[in-house]
Amino acid sequence: MSPHLRPAPVPIEDESPLRVSVIGTGYLGATHAAAVAEMGFTVIGVDTDPAKIAALEEGEVPFYEPGLPELIRKNIAAGRLSFTTDLGAAVAASDIHFICVGTPQQASSHAADLSFVEGATRAVAAALTHDGLIVGKSTVPVGTAQRLRDMVDAMVPTSLHVELDWNPEFLREGYAVEDTLRPDRIVIGGASPWAEGMLRRLYGPAIEAGAPVVTCDLPTAELVKVSANAFLATKISFINAIAEVCEKAGADVTTLADAIGYDARIGRRFLNAGLGFGGGCLPKDIRALTHRAGELGALQAVGLMQQVDEINMGQRQRVVELAMSTCPVNILNARVAVLGVAFKPDTDDVRDSPALNVAAALHLRGALVSVYDPEANATAKRSFPTLTYAASMEAAVTGADLVLVLTEWPEIAGADPEVLGRLVAHRAIVDARRCLPAQAWRDAGWHTATLGSAETEAPRARRVVAA
Ligand SMILES: NC(=O)C1=CN([C@@H]2O[C@H](COP(=O)(O)OP(=O)(O)OC[C@H]3O[C@@H](n4cnc5c(N)ncnc54)[C@H](O)[C@@H]3O)[C@@H](O)[C@H]2O)C=CC1
Ligand SMILES: O=C(O)[C@H]1O[C@H](OP(=O)(O)OP(=O)(O)OC[C@H]2O[C@@H](n3ccc(=O)[nH]c3=O)[C@H](O)[C@@H]2O)[C@H](O)[C@@H](O)[C@@H]1O
């Protein structure tokens, strides 16, 4: 039965506190749960991982996200936020149920693995004993929400008013709290006036602070999210393609990006050339879009996304090649210091990290790789235990034949070339994120190499050996 043929929902009075469950407490869910609690609502976070829940109950966040532990502890203490593995109890105590579980890339194809979203939605629907709103926040291929809505509709007794809508999330890791409390926009897909009213109440503080609300149908909401990530990915691959032209033509891609970025139609953000994009979202989302667009016969998007992905993955290979050509000794048994392995600064996330890929590729070519990341050593060690992990930047570079800057943490971008120069065996550095003041490093006697300017094409540098 369609939700519209069901009995009208019991109205939730404006004054009554909305009770919220958040299913899945990873990067997205833990942040969303804390932010909704901060907005004054009662929130129960649910996860199937008991270790994650035990940590969150203690106010410990099992990943690095600035400001999140403080927000969680504050709202636990205020009695608005709790965590459990008992989904049934959480659903029974809530009016809105947010689905925030993972949608990883399938091992066998580029498609999204929807088993977690389906499993979580099914579990919520099975546990419902009163009217409620199920709201998907996970990133899903277009068409998923309607399938889930049909599934829920078939499962829930007709005496209940239950609706499933989609409200995608746009937060960035490292800025998750800020982005959730003050979003650029709120997209609500498929909602009836009843559901839209509840979500507008929930997001009231953000809306009052100026966040525009876009209401649309389910497929548009799903595609808004995927297209936003696809556009960001395209912008990065565009500048990386232009970076290659810059190298060959003797131009400088950073100056170029600054200049084109002054045009408000283009904008400077996401035009930093270098090692390319990684993380738990952009790569898998453009591949899932490629797959879904192919299923739909939308072949232009397939071609575009394939090209964006290919350029991006090619950057990793180009950095490996640049490292090998810059290394003053044979790469076999060369001592290579890798500074930064997180997929970007301000996170300990190494999912599809370009930096970790490059470190691993050099390790496989026989280099002795010593890694330092301000926050991601532990997560990187879990996924790549055979690399050596150093406790400090200084420890990583001591005795190095080659230094690679792969993630532009401020600590790394601001390193002192004189201090590091005294520790290395050879003053040779690859700046794969174009974050170093190259002239200062050259003045300190370093041979510097980077993608995106003529330097890369320069004849093999004189090797400056540390005194
Ligand atoms: N990480 C990010 O910055 C953002 C992620 N997204 C999207 O949000 C979704 C989640 O991403 P992340 O939080 O990064 O993933 P994650 O892997 O960090 O977290 C997912 C959590 O869901 C839990 N889970 C799986 N099945 C469950 C079930 N049946 N019941 C309860 N918990 C269950 C897992 O144990 C895990 O803790 C993905 O679709 C992603 O594309 C969207 C915007 C930002
Ligand atoms: O769907 C998601 O999960 C999220 O994905 C991205 O957020 P995030 O993965 O946290 O990281 P970004 O800040 O977008 O960076 C992604 C990658 O692009 C790279 N990048 C970024 C900008 C740039 O100019 N150049 C560049 O190579 C970064 O180093 C990083 O590897 C989007 O920015 C979020 O809006 C979205 O919600």
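Colleague: How much space lies in the largest cavity?

Modeller: About 90 Å³. A cavity here is a set of points on a 1 Å grid over the protein atoms alone where a 1.4 Å probe fits but cannot get out, and its volume is the space filled by probe spheres set on those points, joined across faces, edges and corners.
Modeller: Keep in mind that this is a predicted model, where local features need pLDDT of at least 70 and side-chain atom pairs 80 or more, while totals for chains, interfaces and linings use all residues. Residues count from 1 along each chain, chains are lettered from A and ligands numbered from 1 as written, and side-chain values use heavy atoms, without hydrogens or water.

Colleague: How many cavities of 30 Å³ or more does the search find?

Modeller: One, across the whole structure.

Colleague: Which residues are closest to the centre of the largest cavity?

Modeller: Val140, Pro141, Val226, Ala288 and Leu289, out of 13 lining residues (those with an atom within 4 Å of a point).

Colleague: And which helix gives the largest share of that lining?

Modeller: H12, with five residues. Both H10 (218–249) and H12 (282–296) supply at least two; helices are DSSP runs of H or I, at least four residues, numbered from the N terminus.

Colleague: Switching topic: how many residues surround ligand 2?

Modeller: 21, with Phe170, Leu171, Lys225, Cys281 and Phe343 the closest (a heavy atom within 4 Å counts).

Colleague: Which backbone atoms lie 2.6 Å and 2.8 Å from a ligand 2 oxygen?

Modeller: An N or O of Leu171 lies at 2.6 Å, and one of Phe343 at 2.8 Å.

Colleague: What about Arg433?

Modeller: A polar atom of the Arg433 side chain lies 3.3 Å from an oxygen of ligand 2.

How values were computed:
On a 1 Å grid over the protein atoms alone, a cavity is a set of points where a 1.4 Å probe fits but cannot get out, and a pocket is an open set with protein on both sides within 12 Å along at least five of seven lines; lining residues have an atom within 4 Å of a point. A polar contact is a pair of N or O atoms within 3.5 Å; within protein, one must be able to donate a hydrogen and the other to accept it, and residues adjacent in sequence count only if both atoms are side-chain atoms.
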